[in-house]
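This report describes how two parts of one chain meet. The sequence and the structure come first.

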Amino acid sequence: MKYPIHFFVNDEAMDLEVEANKTMLNVLRDQLCMTGTKEGCGAGECGACTVIVDGKPINACLVLAPEMDGMHITTIEGIAKDGELSPLQKAFVSHSALQCGFCTPGFVMSGTALLMENPHPTRPEIIRAISGNLCRCTGYIRIIEAIEEVANQYKGGE
Ligand code: FES
Ligand code: FES
């Protein structure tokens, strides 16, 4: 059985019919071909599928597709503006905070949600915010430093 849903992805209105046993991650990747949101575990353990809904990071693999009705979803494809990477994306590049890159969209989305809610996070707050994201390559330090750099930019801008 299919369900009609109306929702927004990166401020664009969408109308789709989705199957009840599919997830938001399936819809993004398979129906909308938005493959920036990664599928790692598919079970809420790795954070590779992190997107932002109502300012909060969530695991797209844990949301059933019909539940997307009415949601405003931001994905990794939606945070660069006018062809320019977001400040956090730039900081990931300048800090070499990625290796294979598979986890990177999820970390960027968790970091972006944190900075939206709290522009001046402490290091413990950053660590807590990315605690649901797993990386097998980087050792996490450069990721933390990239988020800290953006937090310091905000401080410097005041
Ligand atoms: S794919 Fe969703 S948490 Fe791992
Ligand atoms: S950069 Fe490879 S898993 Fe994080």
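## Salt bridge

One salt bridge is counted between domain 1 and domain 2; the term means a side-chain nitrogen of Lys or Arg within 4 Å of a carboxyl oxygen of Asp or Glu. Lys56 and Glu117 meet through their side chains in a salt bridge, at 3.0 Å from N to O.

## Basis of the model

This is a predicted model, in which local features need pLDDT of at least 70 and side-chain atom pairs count only at pLDDT 80 or more, while totals for chains, interfaces and linings use all residues. Residues are numbered from 1 along each chain as its sequence is written, chains are lettered from A and ligands numbered from 1 in the order in which they are written, and side-chain values use heavy atoms, with hydrogens and water left out.

## The two domains

Domain 1 covers 2–78 and domain 2 covers 87–156, with bounds from an automatic or database domain assignment. Their C-alpha centres are 22 Å apart.

## Contact and buried area

In domain 1, 16 residues are in contact with 14 residues of domain 2, where contact means heavy atoms within 4.5 Å.

The two domains bury about 1,200 Å² between them, and carbon and sulfur atoms give 67% of this area. Buried area is the accessible area (1.4 Å probe) that two parts lose on being put together, summed over both. Of the area that domain 1 buries against domain 2, 38% comes from Thr50, Ile52 and Ile76, more than from any other three residues.
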